[in-house]
Amino acid sequence: MARVGAGACGLLSAFTLLTLVLACSQHGPFGWDTALTETVTAARTPAATKVAVLLHRVGAWPWGALPLTGVLLLPLLRRQWSAALLVVSAWAATSLVAVPAVKWLLDRSRPVDPLVWEDTASYPSGHTAFAAVLAVAASAVCPPRARLPTALCGTVVVAAMAWSRIYLGAHWLTDTVGGALLGSGIGLLCCGLGYLLRQRFRVRPE
């Protein structure tokens, strides 16, 4: 469990450092942000656009309820209430609190001419943070024998979501990196806090 705590601290520290760097850069894109966006958007195809738009939809409400419910399904069916609470708490702390707060504080501009309409600030990517926190939560609540495959699948999903955000012109690369760091960091932090609370009150896992 010490490794979980260390991982959470490392990820959230990296997110904080990136946020400070962006704040000092007056919110503008870095050179690699612009170059990657231009490269990815120049390679758009009809099939890839459909995939990216699908990911855009499942990463936000109301479609976002589907992956959240999917992660919640196993602990609810097994009556693992503390595990279900962990999932909901990690998601809420990320998508309802941390992401909107940082967007409001930094107020970074998005790339111009995106394929999808967004009315919030660019940093961090809420879609990528949502995918990351659910990936960590799914790995935490699944059976131990399925933990590694679940973590690998979650990593692929997070990478695909980050790609879709850049592809659609909705975010810069650094937005997606920040979202992945924030979501995974909060997910690990909630896992660690959940373990400490169970130990404190001597609650056995269901």
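Here is a short tour of this predicted model, stop by stop.

Before you click: residues are numbered from 1 along each chain as its sequence is written, and side-chain values use heavy atoms, with hydrogens and water left out. Local features need pLDDT of at least 70 and side-chain atom pairs count only at pLDDT 80 or more, while totals for chains, interfaces and linings use all residues.

**Stop 1: the core.** Select Val 87 and Tyr 123. Of the 28 residues in the largest nonpolar core, these two touch the most other members. (Such a core is a set of buried Ala, Val, Leu, Ile, Met, Phe, Trp, Tyr and Cys residues joined through side-chain atoms within 4.5 Å; buried means under 20% relative accessible area, exposed over 50%, partly exposed in between, with a 1.4 Å probe and protein chains only.) The largest share of this core, nine residues, comes from H5. Helices here are DSSP runs of H or I, at least four residues, numbered from the N terminus. Now show what surrounds Val 87: leaving aside neighbours within four places in sequence, it is in contact (heavy atoms within 4.5 Å) with Leu 68, Val 71, Leu 72, Ala 137 and Val 141.

**Stop 2: two cis prolines.** Stay with Tyr 123, which a cis peptide bond joins to Pro 124, omega being about -5 degrees. Pro 124 sits in the loop between H5 and H6. Next, pick Trp 61 and Pro 62, also joined by a cis peptide bond, with omega about 5 degrees. You'll find Pro 62 in the loop between helix H3 (46–58) and H4.

**Stop 3: positive phi.** Most residues other than glycine have a negative phi, and most peptide bonds are trans. Select Arg 79, in the loop between H4 and H5: its phi is positive, about 55 degrees. At 60% relative accessibility, Arg 79 is exposed. Then jump to Asp 107, in the loop between H5 and H6, where phi is about 50 degrees. Asp 107 is exposed too, at 53%.

Stop 4: Cys 153 counts as exposed because its relative accessibility is 52%. Cys 190 has its nearest cysteine sulfur on Cys 191, 7.2 Å away. Cys 190 counts as buried, at 16% relative accessibility.

How values were computed:
A disulfide is a pair of cysteine sulfur atoms within 2.5 Å. Helices (H or I, at least four residues) and strands (E, at least two) are DSSP runs, numbered from the N terminus.
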